[in-house]
Amino acid sequence: VLSEAKQEVMKTVETTYRLHHAGDAVNPASCFLRFPAKPDSRVIALPAYVGGDSETAGIKWIGSFPRNLSSGLPRASAVLILNDYETGRPYACLEAAGISAARTAASAAIACTAVCAEGGEEPAAWLQRASAGFVGAGVIARAIATYLQQAGLGLSDVICHDVTQPRAAAFSRWLAGELNAADCRTADLDAALGQDLVVFATTAAAPYVPPGTRLRPGQVVLHVSLRDLAPEILLASNNVVDDVGHCLTARTSPHLAAELSGSSDFIAGTIGQAIAGQLRLDPGRPTIVSPFGLGVLDIAVGRLVYERARADARVIRVPDFIAS
Ligand SMILES: NC(=O)c1ccc[n+]([C@@H]2O[C@H](COP(=O)([O-])OP(=O)(O)OC[C@H]3O[C@@H](n4cnc5c(N)ncnc54)[C@H](O)[C@@H]3O)[C@@H](O)[C@H]2O)c1
């Protein structure tokens with residue numbers, strides 16, 4: 001369903017950011033299940049409610065096991081439960097790694113469009129001409145590239161970087177083959193950081209881009225993996241997040257920047273504010289978007305997938321799953 005509905009996913013994600021910004025959504029803190037013997041792995045619960053025209057509640061339960069890659073499995077796997085808002089009864093269980101990747105990528109593309117306009121140039125013109133650097137070449141990088149192209153990114157000058165070079169090379173070939181990207185190549189981290197648009201989608205647990213790394217005014221950094229940049233870099237940039245309270249937890253770079261500076265003043269505002277045209281950014285600084293990843297987006301996109309599947313008779317019914 002998702003591959004046929006990219007524009008609808010983008011619209012749903014944008015509407016949900018507006019609802020969240022207007023206070024017509026409930027997004028409690030994510031709950032992290034961690035394992036002492038496997039510090040790199042976790043399973044996260046993201047419950048949420050979205051208001052608006054199609055009130056929906058539910059929860060995403062997503063596992064992240066980076067070592068899966070060595071056995072040929074994806075890092076993330078997930079299910080999503082939708083609850084009826086009238087009765088509270090669960091009515092659908094959806095595979096959600098795809099939903100999660102799509103909402104993450106759509107949110108990155110929407111945020112990029114909203115903040116690149118701050119320089120005074122039309123977003124469409126900026127996206128068409130912007131060179132791009134991808135750091136981390138996994139599932140999420142592919143999804144983000146797909147949605148950025150949908151939003152208008154020209155993909156005419158792309159650098160791919162990954163600590164595992166063959167993954168960068170495979171991503172570069174995929175961009176050329178699947179998205180018809182014109183000039184794709186692999187290169188080191190510094191080269192990727194020199195591009196107009198930089199996307200971080202790694203599994204780094206702690207910052208490795210050192211303090212003192214110079215980004216340019218007007219550069220847009222989609223810091224989707226949240227823990228790549230030294231906090232000092234954030235303190236010298238415009239910072240946009242999806243939800244301030246959420247982002248300042250879980251040892252993200254914004255969390256470290258808040259600890260280092262003693263406040264959250266370094267955050268210019270939220271993606272919701274940017275979409276609503278209520279955000280003013282300093283044109284003399286680069287802009288870093290750090291989206292924590294809101295459960296409201298999963299619920300809204302999950303609902304879209306459910307409605308589309310139901311319309312196409314693709315829902316599998318399980319009679320008497322819950323006794324009436
Ligand atoms: N903010 C959000 O809403 C959100 C949502 C979904 C996923 N994510 C995050 O996106 C990240 C990527 O997810 P994925 O499913 O693509 O993972 P993946 O395992 O498929 O790919 C990650 C890639 O990053 C590479 N990598 C790891 N450390 C690196 C480093 N220091 N420099 C360069 N490359 C490095 C790995 O080799 C791998 O190819 C994860 O950290 C995940 O938690 C964020």
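**Exercise 1. Find which residues ring pairs link into a cluster with Phe134.**

Ring pairs join Phe134, Phe171 and Trp174 into a cluster. Rings of Phe, Tyr and Trp (its six-membered ring) pair if their centres lie within 6.5 Å; planes under 30 degrees apart are stacked, over 60 edge-to-face, the rest tilted. The model is predicted: local features need pLDDT of at least 70, side-chain atom pairs count only at pLDDT 80 or more, and totals for chains, interfaces and linings use all residues. Residues are numbered from 1 along each chain as its sequence is written, and side-chain values use heavy atoms, without hydrogens and water.

**Exercise 2. Classify the ring pair of Tyr91 and Tyr306.**

Start with the search: the whole structure holds 6 aromatic pairs. The centres of Tyr91 and Tyr306 are 5.1 Å apart and the planes stand at 70°, so this pair is edge-to-face. Next, place the residues. Tyr91 sits in strand β6 (residues 90–95) and Tyr306 in helix α11 (residues 295–311), so the pair ties together parts 215 residues apart in sequence. Helices (H or I, at least four residues) and strands (E, at least two) are DSSP runs, numbered from the N terminus.

**Exercise 3. Decide whether Ser290 is buried or exposed, and find its polar contact.**

Ser290 belongs to strand β14 (residues 287–290). Its relative accessibility is 1%, so Ser290 is buried (under 20% relative accessible area; exposed is over 50%, partly exposed in between; 1.4 Å probe, protein chains only). The Ser290 side chain makes a polar contact with the His223 side chain at 3.3 Å. Such a contact is a pair of N or O atoms within 3.5 Å; within protein, one must be able to donate a hydrogen and the other to accept it, and residues adjacent in sequence count only if both atoms are side-chain atoms.
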